[in-house]
Amino acid sequence: IDYYDDWLEPLGRISPDVSEPYFAGLCVVGSSIWLAVRQKANAIMRFDMQTNRSNIYKIGKEDYSYDAICFDGENFWLGPRLFTRTPLVKWNPQKGILREYTEIYQNKEEDAVELYDRCVCDGRHVWLLAHYMAKNSYKFDVRSEGIFIAEEFGTGMIEKELPETIYRASILKNDILATVNESTNELVEYNTKTEEMKRNALHLTPEMAEELR
């Protein structure tokens with residue numbers, strides 16, 4: 001086993017809190033792994049798998065924190081960490097921040113809870129699905145930078161009632177955006193090319209649910 005720890009000291013200077021995991025979402029581009037630094041830091045990290053060296057990039061305001069990262073072929077998109085007001089950020093290593101999407105927060109109160117699952121990119125759109133207490137899921141055009149409500153994934157908050165859509169563990173594989181709707185206990189598979197939606201009920205006995213929990 002080889003250990004690569006050149007990132008520990010510089011990351012510790014940015015965020016000395018070691019009570020939580022260092023990293024959240026990641027994506028692989030060429031020979032590099034790009035990781036969202038979840039540890040209360042406005043940063044991401046690049047690990048080069050050929051040189052085994054790391055670089056840390058500070059992005060955005062000091063109170064930003066990221067839970068997810070995806071790549072559209074040219075630029076990176078950084079998803080907000082849960083329980084923050086961090087916008088979705090479009091970023092390029094050479095050009096810096098290209099756009100910040102603050103529109104994802106409909107409730108303007110600073111302590112309002114509007115949470116989103118990890119962002120995923122299908123090459124044309126970046127998808128950001130409502131996780132909890134968010135009014136809508138969104139998709140973003142990677143070229144025009146337009147923002148659209150992802151009606152394919154329903155609505156979130158219905159007035160002051162509980163959300164009807166709580167998505168978790170979103171991934172993209174072979175044009176299929178797969179996610180779990182915890183509100184309906186379904187595995188949802190959406191084909192981003194054909195726009196076909198499949199919903200498969202997850203049948204869990206109380207015993208199975210408790211074991212998974």
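Q: Which residues is Leu177 in contact with, leaving aside its neighbours within four places in sequence?
A: This is a predicted model: local features need pLDDT of at least 70, side-chain atom pairs count only at pLDDT 80 or more, and totals for chains, interfaces and linings use all residues. Residues are numbered from 1 along each chain as its sequence is written, and side-chain values use heavy atoms, leaving out hydrogens and water. Contact here means heavy atoms within 4.5 Å. On that basis the partners of Leu177 are Val120, Trp127, Leu129, Phe153, Ser170, Ile171, Leu172, Val188, Glu189, Tyr190 and Thr192.

Q: Is Leu177 buried or exposed?
A: Buried means under 20% relative accessible area, exposed over 50%, and partly exposed in between (1.4 Å probe, protein chains only). Leu177 is found in strand S16. Its relative accessible area is 0%, so Leu177 is buried.

Q: What is the relative accessible area of Ala178?
A: Ala178 is found in strand S16. Beyond its neighbours within four places in sequence, Ala178 is in contact with Ala169, Ser170, Ile171, Val188 and Glu189. Ala178 counts as buried because its relative accessible area is 15%.

Q: How many strands does the protein chain have?
A: Helices (H or I, at least four residues) and strands (E, at least two) are DSSP runs, numbered from the N terminus. The chain has two helices. Its strands number 18.

Q: What is the radius of gyration of the protein chain?
A: The value is taken over C-alpha atoms, and the globule rule is 2.2 Å times the number of residues to the power 0.38. For 213 residues, a compact globule would have a radius near 17 Å. The chain agrees with that, at 18 Å.

Q: What share of the 213 residues of the protein chain counts as buried?
A: The C-alpha atoms fill a box of roughly 45 × 45 × 40 Å along the principal axes. Of the contacts with a separation of 6 or more, 34% join residues 24 or more positions apart. The buried share of the residues is 41%.

Q: How far apart do the centres of the positive and negative side chains lie?
A: Lys and Arg count as positive, Asp and Glu as negative; His and the chain ends are not counted. Each charge is placed at NZ of Lys, CZ of Arg, CG of Asp or CD of Glu. The chain has 25 positive and 36 negative side chains. The centres of these two sets are separated by 4 Å.

Q: Which residues touch the most other members of the largest nonpolar core?
A: A nonpolar core is a set of buried Ala, Val, Leu, Ile, Met, Phe, Trp, Tyr and Cys residues joined through side-chain atoms within 4.5 Å. The largest one has 17 residues. Those touching the most other members are Trp77, Ile104, Tyr116, Cys119, Val126 and Phe140.

Q: Which elements give two or more residues to this core?
A: In soluble globular proteins, nonpolar side chains tend to be buried together. Here the elements giving two or more residues are strand S5 (66-71), strand S11 (125-128) and strand S13 (138-141).

Q: Where is Cys119 found?
A: Cys119 counts as buried because its relative accessibility is 4%. Among its contacts beyond four places in sequence are Ala68, Trp77, Leu88 and Val126. Cys119 is found in the loop between strand S9 (115-116) and strand S10 (120-121).

Q: Which residues does Tyr64 touch, not counting residues up to four places away in sequence?
A: Tyr64 sits in the loop between strand S4 (53-58) and S5. At 7% relative accessibility, Tyr64 counts as buried. Its partners are Ala41, Asn42, Ile59, Thr86, Pro87 and Glu100.

Q: What is the phi of Phe83?
A: Most residues other than glycine have a negative phi. Phe83 lies in the loop between strand S6 (76-80) and strand S7 (88-92). Phe83 counts as exposed, at 64% relative accessibility. Its phi is positive, near 65°.

Q: What is the phi of Asp175?
A: Asp175 is in the loop between strand S15 (167-173) and strand S16 (176-181). At 28% relative accessibility, Asp175 counts as partly exposed. Although Asp175 is not a glycine, its phi is positive, about 70°.
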